[in-house]
Amino acid sequence: MAEQFKMAQPKEYFKKFLENDIRPDDRELGEFRPTILNIGCVSTAEGSALVKLGNTTIMCGIKAEVATPDADRPKEGFVVPNVELSPLCSPSFRPGPPGEQAQVLSQNMADLLRTSECINLEDLNICPGKLSWVLHIDLVCLDYDGNVMDACTLALVSALKNTSLPSVTVDEETGDIKTDPTTLRPLSVSCCPVSTSFIVFDHNILLVDPTHEEEKLATGAITIIAEGGNLVSIYKPGGTPLTDEQMEDCIDRALKRSKEASQLIGETLCSIDR
Amino acid sequence: MASFTVVKTEDLAAEQGKGPACVLRGQTSDLGCLTRQDGSVSLSQGDTTSIAVVYGPAEVRINKEQIDQATVEVVYRPKVGLPRPEHRKQERVIRNTFEAAIAASLHPRSAISIIIQETEDMGSNFSCCINSSCLALLDAAVSMNFMVAAVTVALKECGEMVLDPTKRDETEAKSVLSYVFDSVNLQVLTVVSCGKFSRAEYRNGLVLAREAAKSVFQFYRESMSKKLLMSQ
Amino acid sequence: MPTDTRRLTGPESSQSPYNFAPCSKLNLSNLEKRPDGRSFEQLRPLFLRTDVVSQARGSSYIEMNETKAICAVYGPREVLKREDFSLKGQLTCDFKFTTFSCRQRRQHQQDSQEKDLSVQVLEALEPAVCLHKYPKSQINIFITVLQHDGCALSAAIMCASLALASAGIEMYDLVVASSIAICGSLTLVDPTAQEEEAILKSTVKLDANAGAVTVAFLPSLSQVSAISSDGELSFETLNKNMQACVANCQRLYPVLERTLIKHQQELEAAKT
């Protein structure tokens with residue numbers, strides 16, 4: 001009976017749960033789904049991480065290549081993030097070039113890397129004007145069950161922290177490039193931005209870490225990226241207008257989550273080193 | 001003949017007896033600047049200009065049809081080149097903003113399209129896009145739940161805040177925040193940011209932007225009333 | 001080259017740093033032990049799991065040491081184009097390597113190798129699916145290789161057949177696949193990427209016998225659904241190794257069977 005009710009009246013079905021301050025998957029309104037991190041799972045990539053947020057699964061792989069730097073920025077390298085929402089992860093995606101959502105997510109990742117300054121592009125230079133690193137950061141969604149943004153951010157940061165680059169030298173005279181694959185240098189990542197997403201249900205209830213079903217019923221969404229005590233981004237694309245108190249509440253919770261999540265990344269990295 | 005009206009905020013401020021030191025840069029609107037569209041406007045905020053046109057409610061593409069409400073479509077055309085992921089993100093924010101503002105349930109199984117052409121980005125381009133789209137919707141007489149006004153604030157390294165920043169202010173600033181407010185309760189509808197900032201800075205920017213949003217709404221009112229006077 | 005406006009792009013050309021490293025090539029002529037310590041006819045351990053993609057009708061994950069792939073099955077769903085109408089169901093397959101799955105970075109768009117592999121997987125699976133039970137509809141298989149260390153084709157076939165079965169698609173049998181790489185008198189069962197590369201790129205002609213064979217096999221019907229061979233092989237060698245592949249498939253079958261039973265048991269447990 002519950003299944004039919006959910007199918008016919010998804011909103012009413014949800015309301016019945018929310019009246020008792022609980023969500024259909026047994027979570028409280030402000031509770032995150034269990035977060036699982038697996039760092040360094042792909043050995044063909046220079047850095048990698050798999051993140052599971054409930055069912056939502058994102059795999060991030062970083063492939064490092066070398067290229068000539070831009071003429072106007074001879075001392076900088078490149079970071080190129082791309083998010084792939086493949087038809088594998090959900091029936092709503094079709095094969096072909098990335099859709100609007102994937103493009104927006106890719107841009108969000110690029111904005112995040114730029115504003116948080118967690119990678120210093122000058123660290124990616126090998127020889128000024130001649131050679132720089134290009135970090136191709138590819139995020140593949142393997143299971144699309146809502147809140148892909150938070151999962152992507154976690155995967156991105158974890159994979160960056162896992163990245164080591166082989167030593168590459170350029171011969172001053174001949175210009176020959178030489179790689180020594182035996183000496184690896186870890187990439188320096190200066191900070192650990194964490195994203196926290198909320199949806200607004202029925203114009204007034206805030207739910208954290210929404211599932212795909214909850215996202216479909218949302219009347220608004222908000223994503224806050226925090227790092228330490230600072231805010232890296234507040235992204236509220238339209239939807240229900242929120243009161244200042246609600247916004248403050250979201251910021252509070254995002255700051256708290258950022259501490260917890262960066263601790264989780266730290267612990268996971270430690271357990272790999274051992 | 002095209003019936004267009006040009007309203008300037010400088011005149012407005014003078015009319016209301018306020019000094020010319022209005023916090024926002026001078027706004028100029030040209031409602032009905034194009035004739036074949038349902039609504040069109042060319043809006044300048046300082047040197048930043050964008051043209052927004054509205055079609056609709058019109059026929060909707062079958063795969064985008066919604067049985068209980070109108071589908072809002074936004075197309076953003078950059079000044080040069082093809083749209084890239086950054087423009088898609090902009091498009092999406094604008095679309096989500098107007099999905100909340102437009103009374104879409106009045107026109108089920110139809111489409112309301114907003115097309116924005118960036119003509120000159122000299123800072124605060126996002127605000128200019130939102131404000132021009134809102135004026136174009138008013139020009140097309142599309143029913144709305146509320147109007148929206150966008151204001152951009154730049155935070156400088158020294159802690160100073162610049163309202164409606166120019167391109168130069170934006171490049172010098174450590175972060176740039178754009179807020180969009182509704183006209184009923186002046187609550188926050190949309191926020192987009194670029195660059196790190198603290199909580200207090202977010203709050204201060206909000207207060208400043210909210211105050212400025214009132215003058216944007218006043219500007220809408222004046223623009224519309226001038227247009228209506230002209231058409232009589 | 002037209003730039004991709006729907007993705008973020010880096011510099012126009014870039015290359016792998018390992019192109020500038022001294023290459024360590026595997027010497028096949030006097031190989032005593034395989035690089036990963038296996039004996040020549042030893043298979044890699046096979047790990048399988050179903051129900052890994054919550055949104056899909058059926059899904060599975062396969063791991064053969066460093067070869068990792070995931071597969072999701074959607075459908076049966078409506079055929080959108082009217083001209084594609086047929087009374088027999090349609091099976092489609094989309095095979096993709098992730099950009100970071102191989103030593104050399106791959107592109108986002110499907111390349112010719114991936115298109116070729118899509119067709120090979122499809123042809124290996126089609127004989128096993130009761131397509132006449134799904135008129136006017138299509139079943140979509142999506143395979144993504146997360147990490148490639150040899151035998152991507154056989155891994156993909158097994159992964160997809162398990163995903164189809166877990167989706168409850170009616171089938172005559174599961175499909176098991178196995179491959180062998182051959183270099184002269186040397187045969188390497190279940191080769192790694194390094195071994196595959198060494199054999200296919202070996203410049204020394206070793207009595208015209210250098211290549212690889214992959215066989216897809218329906219174990220309970222005892223029928224072969226697809227054979228794929230690369231390189232130059234004499235008829236006797238091919239024949240001998242195909243039989244070896246079939247024998248290996250039979251050894252792998254219980255693993256698939258057990259995974260499917262476990263999947264069914266979990267399904268029953270969830271119902272009660």
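Student: In chain C, what share of the contacts with a separation of 6 or more comes from residues 24 or more positions apart?

Tutor: Good place to begin! Keep in mind that this is a predicted model. To read such a figure, ask how far apart along the chain the two partners of a contact sit. In chain C, 72% of the contacts with a separation of 6 or more join residues 24 or more positions apart.

Student: Which elements should I look for in chain C, and in what pattern do they follow each other?

Tutor: Start with a count, then walk along the sequence. Chain C has nine strands and four helices. Their pattern along the sequence is β-β-β-β-α-β-α-β-β-α-β-β-α.

Student: Why can chain C be called as compact as a globular protein of its length?

Tutor: Here you set the radius of gyration beside the value from a simple rule. For 272 residues the globule rule gives 19 Å, and chain C comes out close to that at 20 Å, so it is as compact as a globular protein of that length. Along the principal axes, the C-alpha atoms of chain C fill a box of roughly 55 × 50 × 40 Å.

Student: How many of the residues of chain C count as buried?

Tutor: For this, a residue counts as buried if 20 or more other C-beta atoms lie within 10 Å of its own. In chain C, 43% of the 272 residues count as buried.

Student: Now for a sheet in chain A: in what order do the strands of its open sheet stand?

Tutor: The order is β10-β9-β11-β12 in chain A, with antiparallel pairing. β10 (205-208) and β12 (230-235) each have a single partner strand, so one side of each is left without a neighbour in the sheet. On average, neighbouring strands are turned by 25° against each other, direction ignored.

Student: Over how many bridges do β11 and β12 of chain A pair?

Tutor: Over five bridges, in the antiparallel sense, with β11 spanning residues 220-227. To zoom in, find A:A226, whose bridge partner in β12(A) is A:L231.

Student: Which helix lies across these two strands?

Tutor: Helix α3 (residues 100-116) of chain A lies across β11 and β12, and runs at about 155° to β12(A).

Key:
Residues numbered from 1 in each chain as written. Chains lettered and ligands numbered in written order. Predicted model: local features only at pLDDT ≥ 70, side-chain atom pairs only at ≥ 80, totals over all residues. Rg over C-alpha atoms; globule rule 2.2 N^0.38 Å. Buried ≥ 20, exposed ≤ 12 C-beta atoms within 10 Å, placed from the backbone. Contact = placed C-beta atoms within 7 Å. Pairing = 2+ DSSP bridges. Axes fitted to C-alpha atoms, helices over the stretch in contact; angles between N-to-C directions.
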